[in-house]
Amino acid sequence: MAADPSAPCADAPSSRLRPHTRRQPWILTYHSVTDTDDDPYGITVSPRRLAEQLAWLRSRGLRGVGVAELMRAHAEGRRGLVGLTFDDGYADFLHEALPVLRRHGCTATVFVLPGRPGGVNEWDPLGPRKPLLTHDGVRDLARTGMEVGSHGLLHRDLTALTDEELRHETVRSRELIGDLTGRPPEGFCYPYGTLDRRVMEAVGAAGYGYGCALAPGPLVSRFALPRTHISQADRGVRLWAKDLRHGLRHGAVPGSRSRTASPVRAGGTR
Ligand SMILES: [Zn+2]
């Protein structure tokens with residue numbers, strides 16, 4: 001009988017040397033993929049840099065997949081995968097990121113905003129304005145075989161909403177995406193990475209199977225999966241350091257203490 005892959009690893013030094021066997025699977029956070037110098041929030045990676053990063057992952061024996069597939073593989077003890085996520089549902093995903101992902105044999109989860117079809121990232125005051133997927137774009141995205149997840153309806157800080165507004169953001173976005181893709185989304189991604197227990201429970205009650213946060217926090221669980229922000233500056237050594245840091249943090253399991261306070265707002269601002 002194989003060892004339980006989810007069992008806590010008592011051999012910490014060894015797990016540090018082999019971070020891909022750690023308990024928490026590694027999930028990377030991207031946003032927009034395009035060529036630009038105007039990127040005050042550090043949310044844009046060029047297609048060329050994305051290709052370099054995917055090649056680096058492959059050199060480490062890792063292939064990128066969507067989070068639902070990653071979770072299933074992890075539960076079955078399959079390794080060699082890393083989660084790729086693209087937040088906000090930028091329209092550039094289809095023509096910039098997708099060809100690169102396909103060339104590298106990767107899939108990903110794209111967290112879309114069905115309440116802002118064809119809109120822009122108005123929540124980033126400094127801009128630049130980046131177009132979001134239209135509803136047709138979300139349909140096209142689903143047809144590519146990529147996983148479509150929900151980022152809520154409008155990109156609001158869910159911890160600041162009333163119970164009714166929170167239900168609307170979680171339940172209605174799931175219904176809309178289900179109508180567009182023919183399949184209710186399994187994944188939810190918290191705007192700004194902010195969540196608390198009430199928000200997390202609302203996501204579970206809405207029928208989602210997992211929730212993506214940003215940095216590890218006190219609520220780390222299937223509904224607060226920590227992720228690693230990836231930027232244009234991330235190449236070999238920086239990626240290696242981020243991989244290692246995630247491996248070292250993998251002890252942040254449900255119920256454990258963490259440096260971040262609740263509600264969680266850490267590891268990035270988007
Ligand atoms: Zn976002």
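Modeller: Gly-64 faces Val-82 across a strand pair, with Val-82 in strand β5. That pair is β4 (residues 63-65) and β5, which run parallel and are joined by three bridges. From β4 the chain passes through helix α3 (residues 67-75) to reach β5, a right-handed β-α-β crossover. Right-handed means that, with the strands pointing away from the viewer, the path from the first strand over the helix to the second runs clockwise. Strands pair here if DSSP finds at least two bridges between them. Helices (H or I, at least four residues) and strands (E, at least two) are DSSP runs, numbered from the N terminus.

A word on the source. This is a predicted model, where local features need pLDDT of at least 70, side-chain atom pairs count only at pLDDT 80 or more, and totals for chains, interfaces and linings use all residues. Residues are numbered from 1 along each chain as its sequence is written.

Now β5 itself. It spans residues 81-87, and seven of its seven residues are buried. Buried means 20 or more other C-beta atoms within 10 Å of the residue's own, with C-beta atoms placed from the backbone. Leu-81, Gly-83, Thr-85 and Asp-87 point one way. Val-82, Leu-84 and Phe-86 point the other way.

Strand β1 (residues 27-30) pairs with β5 in the parallel sense, over four bridges. There, Tyr-30 stands opposite Phe-86. Strand β6 (residues 109-112) also pairs with β5 in the parallel sense, over three bridges.

Terms used: A residue is buried if 20 or more other C-beta atoms lie within 10 Å of its own, exposed if 12 or fewer, and partly exposed in between; C-beta atoms are placed from the backbone.
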